[in-house]
Amino acid sequence: MEWTRNSVDNIWQRVRLRNSIDNICQGCFMMSEVSFKPDLKKFYMTCLDEDVLALMSKRVVDMACTLGKTVMVELDGHELPIK
């Protein structure tokens, strides 16, 4: 879903599934990707500072721990080793 106008309007989009091996479905698993693009100008920012990035990273780790082995979670291109 894409939000616009300060989260007033939303646009439902079809979830794009990606394969782990360039759309070859023999023995591979399907996955979806969630990305985040902040509206920095709205908050008078030019970049995300280290505190905000640390908080977001912690939330990703929290999510991975909560979901356990039901999903594979990557942060900055590296899989999080959750036990």
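Helices (DSSP runs of H or I, at least four residues) and strands (runs of E, at least two residues) are numbered from the N terminus.

Residues are numbered from 1 along each chain as its sequence is written, and side-chain values use heavy atoms, with hydrogens and water left out.

Let us begin with the overall plan. The protein contains one helix and six strands.

How confident is the predictor? Its confidence in each residue is given as pLDDT, on a scale from 0 to 100. The protein has a mean pLDDT of 76, with 63% of its residues at 70 or more. Confidence is highest in α1, at 91, and lowest in strand β3 (residues 17-19), at a mean of 53. Where pLDDT is low, the predicted coordinates should not be read in detail.

Next, consider how the chain meets its surroundings. Accessible areas come from the Shrake-Rupley method with a 1.4 Å probe, and for residues only the protein chains shown count as cover. The protein exposes about 8000 Å², and carbon and sulfur atoms supply 56% of that area. A residue is called buried under 20% relative accessible area, exposed over 50%, and partly exposed in between (1.4 Å probe, protein chains only). Of the 83 residues of the protein, 8% count as buried. Among contacts in the protein with a separation of 6 or more, residues 24 or more positions apart account for 4%.

Now to the helix. The expected span of a helix is 1.5 Å times one less than its number of residues. For the 18 residues of α1 this gives 26 Å, and the end C-alpha atoms of α1 are 26 Å apart, which agrees. After α1 comes G68, whose phi is positive, near 65°.

Side chains of opposite charge can pair when their charged atoms come close. A salt bridge here is a side-chain nitrogen of Lys or Arg within 4 Å of a carboxyl oxygen of Asp or Glu, and by this rule the count comes to two. One of them joins the side chains of K58 and D62, at 3.1 Å from N to O. K58 and D62 are four residues apart in helix α1, so about one helical turn separates them. The other salt bridge links R59 with D62, and their closest N and O atoms are 3.1 Å apart. R59 and D62 are three residues apart in helix α1, which again puts about one helical turn between them. Through shared partners, the salt bridges join K58, R59 and D62 into one network. K58 is partly exposed because its relative accessibility is 44%; R59 is partly exposed at 48%, and D62 is partly exposed at 27%.

The helix also takes part in a nonpolar patch. Patches are made of residues with over 30% relative accessible area and no salt bridge, joining like charges within 9 Å and nonpolar side chains (Val, Leu, Ile, Met, Phe, Trp, Tyr) within 5 Å. F36, L53 and M56 make a nonpolar surface patch of about 290 Å². L53 sits in helix α1 (residues 50-67) and counts as partly exposed, at 42% relative accessibility.

Further along, E74 belongs to strand β5 (residues 74-75). Leaving aside residues up to four places away in sequence, E74 touches V60 and E79. E74 and V61 are 13 residues apart in sequence, and their C-alpha atoms are 9.2 Å apart in space. E74 is partly exposed, with a relative accessible area of 46%.

Finally, we return to the loops. D76 has a phi near 55°, a positive value in a residue other than glycine, and D76 counts as exposed at 70% relative accessibility. Y44 lies in the loop between β4 (30-32) and α1. Phi of Y44 is also positive, near 55°, in a residue other than glycine, and Y44 is exposed at 80% relative accessibility.

Definitions and conventions:
Contact means heavy atoms within 4.5 Å. pLDDT is the predictor's confidence in each residue, from 0 to 100.
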